[in-house]
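Come along if you are new to it.

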Amino acid sequence: MLCGEKYDRWFSRYILNKDSGLRLVYYPYPVPVRATVARMTKEPFLKQEDSGAFGDATSYMLMNLSSVDDLQERVKKPIDPLQFRGNFHLRMDANEPFAEDNWKWIRIGEEAVFRVVAPCTRCIFPNINVETGERDPEGDPLKTLKSFRMFKNYGSPAMGVHIGIRRIGQIKPNDVIYVEDTQP
């Protein structure tokens with residue numbers, strides 16, 4: 001639902017430094033009203049309530065910044081982690097790219113608990129520069145991801161993980177993140 005012209009002007013000034021160009025909207029319902037995307041229904045830990053109002057799969061996605069760093073070493077142009085549109089960006093003490101592939105559970109801070117429900121397969125959006133809105137003419141970073149991050153039974157490369165909230169709790173910047181993984 002549209003918030004109104006007054007808020008559109010404020011949002012446009014804040015983001016674009018212009019009087020117009022953006023519209024601020026809000027989601028008026030307490031829970032998602034659309035079904036989980038069909039391609040995600042094969043995921044055994046995905047629940048209907050994990051489906052988001054705006055995202056095409058889940059409401060939450062976590063990016064391991066070590067994975068972004070690893071990808072950065074493989075492509076020619078700089079990558080901004082925002083190109084992957086994660087809700088949570090994790091910087092680990094140890095440099096462990098793609099460690100998130102093996103995680104089952106994630107706790108952020110002392111209360112919030114999430115279940116890893118699926119790898120985050122990628123569409124064309126990571127190829128869009130977050131500053132200019134222009135698409136990379138060489139098809140990167142998606143092209144590079146396809147060369148080494150394809151998973152069996154998925155048609156797109158994976159980067160990050162979809163997570164579903166299992167226990168609500170307060171989250172703040174620089175909270176410690178705890179993980180349980182499937183590796184011994």
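Here are my entries, grouped by topic.

**Entry: the model and its parts**
I noted at the start that this is a predicted model. I looked up the domains next, and the chain is divided into domain 1 (1–30) and domain 2 (36–179). Taken over C-alpha atoms, the centres of domain 1 and domain 2 are 27 Å apart.

I went to Trp 10, which sits in helix H1. On the surface I found a nonpolar patch made of Trp 10, Tyr 14, Ile 15 and Leu 16. Together these residues have about 470 Å² of accessible area.

**Entry: Thr 58**
I found Thr 58 in the loop between helix H1 (5–16) and strand E1 (60–64). Is Thr 58 buried or exposed? Thr 58 has a relative accessible area of 7%, so I wrote it down as buried, the cut-off being under 20%. I then checked what its side chain meets. A polar atom of the Thr 58 side chain lies 2.9 Å from the backbone oxygen of Tyr 60. The side chains of Thr 58 and His 162 are joined by a polar contact of 2.8 Å.

**Entry: strand E3 and its partners**
Which strands pair with E3? I found strand E6 (residues 177–181) paired with strand E3 (residues 103–108) in the antiparallel sense, over 5 bridges. Within that pairing, Trp 105 has Glu 180 in E6 as its bridge partner. I also found E3 paired with strand E4 (residues 112–121), again antiparallel, over 4 bridges. Here Ala 112 in E4 is the bridge partner of Ile 108. E3 and E4 form a hairpin with 3 residues between them. In its turn I noted Gly 109, with a positive phi of about 75°.

**Entry: backbone angles to remember**
I reminded myself that most residues other than glycine have a negative phi, and that most peptide bonds are trans. Arg 85 is not a glycine, yet I read a positive phi of about 55° for it. Arg 85 lies in the loop between helix H2 (65–72) and strand E2 (88–90), and it is partly exposed at 39% relative accessibility. Asn 174 is not a glycine either, and its phi is positive at about 70°. I located Asn 174 in the loop between strand E5 (158–167) and E6. With a relative accessible area of 80%, Asn 174 is exposed. I also looked up the peptide bond from Asp 140 to Pro 141, which is cis, with omega near 15°. Pro 141 belongs to the loop between E4 and helix H3 (142–148).

**Entry: salt bridges**
How many salt bridges does a search of the whole structure find? I wrote down 9, and looked at a few of them. Arg 13 and Asp 19 meet through their side chains, at 2.7 Å from N to O. Arg 13 is partly exposed, at 44% relative accessible area. Asp 136 pairs with Lys 77, and their closest N and O atoms are 3.2 Å apart. This pair links distant parts of the chain, 59 residues apart: Asp 136 is in the loop between E4 and H3, and Lys 77 is in the loop between H2 and E2. I noted Asp 136 as buried at 13% relative accessibility, while Lys 77 is partly exposed at 39%. Asp 175 forms a salt bridge with Lys 172, with 3.2 Å between the closest N and O atoms. Asp 175 counts as buried at 17% relative accessibility, and Lys 172 as partly exposed at 48%.

Notes: Residues numbered from 1 in each chain as written. Heavy atoms only, no water. Helix = DSSP H or I, 4+ residues; strand = E, 2+ residues; numbered from the N terminus. Buried < 20%, exposed > 50% of the residue type's maximum accessible area, 1.4 Å probe, protein only. Polar contact = N/O pair within 3.5 Å; in protein donor to acceptor, adjacent residues only side chain to side chain. Patch = residues over 30% accessible without salt bridge, like charges linked within 9 Å, V, L, I, M, F, W, Y side chains within 5 Å. Areas by Shrake-Rupley, 256 points an atom, 1.4 Å probe, with all protein chains shown as cover. Salt bridge = Lys/Arg side-chain N within 4 Å of Asp/Glu carboxyl O. Pairing = 2+ DSSP bridges. Domains from an automatic or database assignment.
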